[in-house]
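Hi everyone, thanks for coming.

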Amino acid sequence: MRGELEVLAKLEELAQGGLEGAAYLRKKEGLLPITMATRPGPLTKWPWQWMGNFKYLFLAPAVLHTVHRVTTKGWGDLDPAYVTMLPALLLRMIHNQIWISLSRYQMARRKNVIVDRSIEFEQVDRERSWDDQIIFNGLEFYLAYAMIPNVRLLPVWRTDGAIITVFLHMGPVEFLYYWFHRALHHHFLYSRYHSHHHASIVTEPITSVIHPFAENVVYFMLFSIPTLTPIFMGCGSVLGVVLYIAYIDFMNNMGHCNFELVPKWIFKAFPPLKYLMYTPSFHSLHHTQFRTNYSLFMPFYDYMYNTMDKSSDELYEKSLKVTDETPDLVHLTHMTTLQSTYHLRIGIASIASKPSDNPVWYSWMIWPVAWLSMVLAWVYGSSAFVIERLQMKKFKMQTWTIPRYNFQYGMNWGRDSINSLIEKAILDADERGVKVLSLGLLNQAKALNRSGELFITKYPKLRVRLVDGSGLATAVVLKSIPLGTKKVFLSGSTSKVAHATAITLCEKGVQVIMNQKKEYDMLKSRLPEGRTVYLKFSNKDIPQIWIGDNIDDKQQQRAPIGATFIPTSQFPLKKIRKDCTYLSTPAMKIPQTMENVHTCENWLPRRVMSAWRIAGILHALEGWETHECGDDMMDIEKTWTAAIKHGFVPLTKG
């Protein structure tokens, strides 16, 4: 692997010709992705980085001081500046999260996309610290309040102070930022600081604030000019400061979206605006071309100093053209628990990048948001919506979500409405020319629509192939059973995968033991006559290997020490035994060629996908023309061979 100095030297040389930025060059040269400045200088790390999510304790003294002041002196003692500080920080968090969700939703739809590349876990991990600058600003607010007497006397609004703020931003701030930004692109500062920000070629709104600590200190000094100057002049106001910071957040978030959203008519109505407001495509060129478009929010200094990228207008026009991509495959899933709202790709990025069974400590604080989203989805959720877009070479995939939760699928009176939502999604996919639609989680429940059979019966000329994924799921379960196993216990289960697994085991000479008579009799009737001997009804013979959909607490307690539980359902088993082994729900590792993977699928680890979802991918890749619904199941070995051929890897070896 080449050294950093050699790469940076090459970058300096190539950048003069308008080639792409540092992160792309590193990828092109086969180097490791940038997760911090390539040669970190002083003050690159944030002071509270070692504290993880407990970094918010830095704001605890301010919060406690507010509580003490209110309880001892009452609300009447608080001045406008003091009252505004904490709510302003909270509103900034909400403002940023709205931009994150909007951007990811738009990226999943592929509308007005600027840079057609993927985002991976490395970028999400690097950018999870986007709230650092809000904590830092909170400390600055309280420090200014304590040290500057004028702050306590600030009125709610002063027009003259707001006008001064505008002119100070247009003049000193934009000018100084432009030249500071150009200095950051000198190899000395770039390698020590700014390369951390430029590691993101495909920018998200939160990319805008991902900088080393030292950079943020300089930005604070710059933005203090328009906020503190009116205060020292005696014409500052609370709203003047709040609105200026809101303007900075808005422009930062907008400029780092990877889709164009500024309409053309704005510039036609007021042509000089092109010098006063940048667009997402304008700033995107700075992240791909490296040595152009340095301006903060107002491009006139790039025009003045001839650093305006010549393709800015062309890229803007191209990005405004609405494209409606037709995926090869749609995976139709649904919400699970209330907390799954956060876990969606369009939800909270740091939570979605981890398995959903790893709850974060602050989730209890934001449960009202999840509850509200559930109510809104129930009332206004009239169709499935896009949450994810993946790509494997030229093969394109989207994930659509039914706006319903697990508990709603269990309500008998709600089944018709849920089936209507599923039916609407299927017909929409069929009309758009989607090749395959795979039914995920409870969307394929037997009691709901008989694994999709309801829809192919109703629409016999359906062109989109419906896949429940049972063939590959059965194959994964079978491959998870240790080699040499002679006996397997099947916990009472009626699912298609559980039955197919039991029948296949009996056909291979492995004894399947059951202790529920009704299920035993039904399964026995489906076995070939010569293989019924391998299906046994017993309440005493308890082997080490257990399979089933829902092995409850009472059943698990009957298992011997060291037993292995292998779920045949898409939902994981509740782990109540520490002396037993619990395998994952049927799933496989995805190939490296699959791109734009930066969230976890429900409770599965990173870059692991459920077998039911993979089955749909294989169906489309192989061009299989049959449905896999109802009692129909793809050949188990055929689907397993196809999965291995396309680079999917087993989680466990049998």
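Let's start with arginine 69, which lies over the face of tyrosine 82, at 4.5 Å from the ring centre. By "over a ring" I mean that NZ of Lys or CZ of Arg is within 6 Å of the ring centre and within 35 degrees of the ring normal. Another case is phenylalanine 188: the charged end of arginine 192 sits over its ring, 3.8 Å from the centre.

Quick housekeeping. This is a predicted model, where local features need pLDDT of at least 70 and side-chain atom pairs count only at pLDDT 80 or more, while totals for chains, interfaces and linings use all residues. Residues are numbered from 1 along each chain as its sequence is written, and side-chain values use heavy atoms, leaving out hydrogens and water.

Now, ring on ring. How many aromatic pairs does a search of the whole structure find? It finds 35. Rings of Phe, Tyr and Trp (its six-membered ring) pair if their centres lie within 6.5 Å; planes under 30 degrees apart are stacked, over 60 edge-to-face, and the rest tilted. Take tryptophan 99 and phenylalanine 250: their centres are 5.4 Å apart and their planes at 75°, so this pair is edge-to-face. It links distant parts of the chain, with tryptophan 99 in helix α4 (residues 80–109) and phenylalanine 250 in helix α10 (residues 238–255), 151 residues apart. Helices here are DSSP runs (H or I, at least four residues), numbered from the N terminus.

Last one: ring pairs also link Phe175, Tyr178, Trp179, Tyr294, Phe300, Tyr301 and Tyr305 into a cluster.

Definitions and conventions: Helices (H or I, at least four residues) and strands (E, at least two) are DSSP runs, numbered from the N terminus.
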